Amino acid sequence: MKKEAKKRIYTSTVRLLEECPYEKITISRICLEAHISRQAFYIYYHSKDEVIKEVYINVLEKTYLDPSYKIPSDDFIDHVIHIYDSHSHMFIALEKWYVIDYLSKENQRIIENLSTKSFEDPYIQKYSQYYLASILAPLHYMLMHWLYNNKKETKEELKIIIKKFIYHQ
């Protein structure tokens with residue numbers, strides 16, 4: 001029962017991030033959506049930001065740490081585009097959620113986890129954290145630009161743009 005309540009809080013927060021701006025999300029609204037009391041909320045989280053941090057971490061991990069995708073393969077690009085496309089409102093809400101110190105630490109952790117992957121190029125392998133930082137940050141900003149411009153380009157056009165400007169292919 002306890003795990004179910006925490007899962008409902010999390011799921012409700014994700015749903016609210018998909019539907020409304022960060023500023024409109026309140027603990028009361030999360031509780032109402034999750035069908036739980038405020039007391040139950042505080043058993044699991046201290047604030048709405050704590051839930052949102054958990055959502056952010058999970059989204060980053062789902063996007064970038066899936067071991068079945070090789071960076072910078074076409075499959076990886078398709079995977080990332082699909083996740084940004086499927087969760088566009090949430091990415092925009094998370095982007096506006098301004099906790100830069102936290103985000104920087106989490107992004108660095110993701111890069112450290114990714115750097116354990118093996119790369120064919122020995123130079124990239126040696127400097128994998130620099131390599132990953134040089135492609136993941138521009139990839140994120142390019143995808144956010146696409147979302148803010150109402151996905152003006154098709155996914156296929158976006159993939160070509162990413163390959164040209166980020167991967168220089």
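Modeller: Start with one definition: buried means under 20% relative accessible area, exposed means over 50%, and partly exposed is in between (1.4 Å probe, protein chains only). What you're looking at is a predicted model, where local features need pLDDT of at least 70, side-chain atom pairs count only at pLDDT 80 or more, and totals for chains, interfaces and linings use all residues. Residues are numbered from 1 along each chain as its sequence is written, and side-chain values use heavy atoms, with hydrogens and water left out.

Colleague: OK, what makes K159 buried?

Modeller: Its relative accessible area is 8%. That is under 20%, so K159 counts as buried. Across the protein, 43% of the 169 residues are buried.

Colleague: And how many helices and strands are there?

Modeller: There are 10 helices and 0 strands. Along the sequence the pattern reads α-α-α-α-α-α-α-α-α-α, and the C-alpha atoms fill a box of roughly 55 × 35 × 25 Å along the principal axes.

Colleague: Back to K159. Why is its pairing with D78 called a salt bridge?

Modeller: The term asks for a side-chain nitrogen of Lys or Arg within 4 Å of a carboxyl oxygen of Asp or Glu. Between D78 and K159 the N to O distance is 3.2 Å, which is within 4 Å, so the pair qualifies. D78 sits in helix α5 (residues 74-86) and K159 in helix α10 (residues 155-165), 81 residues apart, and the pair links distant parts of the chain. D78, at 33%, is partly exposed. Both residues also belong to a network of salt bridges with D74 and K163.

Colleague: How many salt bridges does the structure hold?

Modeller: It holds 8 salt bridges. One of them joins the side chains of E33 and R15, at 2.5 Å from N to O. E33 is in helix α2 (residues 27-34) and R15 in helix α1 (residues 2-19), so this pair ties together parts 18 residues apart in sequence. With 27%, E33 is partly exposed, and R15 is partly exposed with 34%.

Colleague: How do you know that D85 and K151 meet in a salt bridge?

Modeller: Their N to O distance is 2.6 Å, and that is within 4 Å, so they pass. D85 belongs to α5 and K151 to the loop between α9 (128-148) and α10, so parts 66 residues apart in sequence are tied together. D85 is buried at 18%, whereas K151 is partly exposed at 28%.

Colleague: Which residues meet where α5 touches α10?

Modeller: D74, I77, D78, I81, H82 and D85 in α5 meet K155, L158, K159, I162 and K163 in α10; contact means heavy atoms within 4.5 Å. They divide into 4 nonpolar, 1 polar and 6 charged. Here nonpolar covers Ala, Val, Leu, Ile, Met, Phe, Trp, Tyr, Cys and Pro, charged covers Asp, Glu, Lys and Arg, and the others, Gly among them, are polar.

Colleague: What makes α4 and α5 roughly antiparallel?

Modeller: The axes of helix α4 (residues 48-64) and α5 come within 9 Å and cross at roughly 150°. That is over 145, so the two are roughly antiparallel. K62, T63 and Y64 in α4 meet F76, H79, V80, I83 and Y84 in α5. That contact has 5 nonpolar, 2 polar and 1 charged.

Colleague: Last one: why is H35 called exposed?

Modeller: Its relative accessibility is 68%, which is over 50%, so H35 counts as exposed. H35 lies in the loop between α2 and α3 (38-44), and its phi is near 60°, positive in a residue other than glycine. N150 has a positive phi too, about 55°, although it is not a glycine. N150 is in the loop between α9 and α10 and is exposed at 68%.

Methods. Helix = DSSP H or I, 4+ residues; strand = E, 2+ residues; numbered from the N terminus. Axes fitted to C-alpha atoms, helices over the stretch in contact; angles between N-to-C directions. Parallel < 35°, antiparallel > 145°, perpendicular 65-115°, else oblique.
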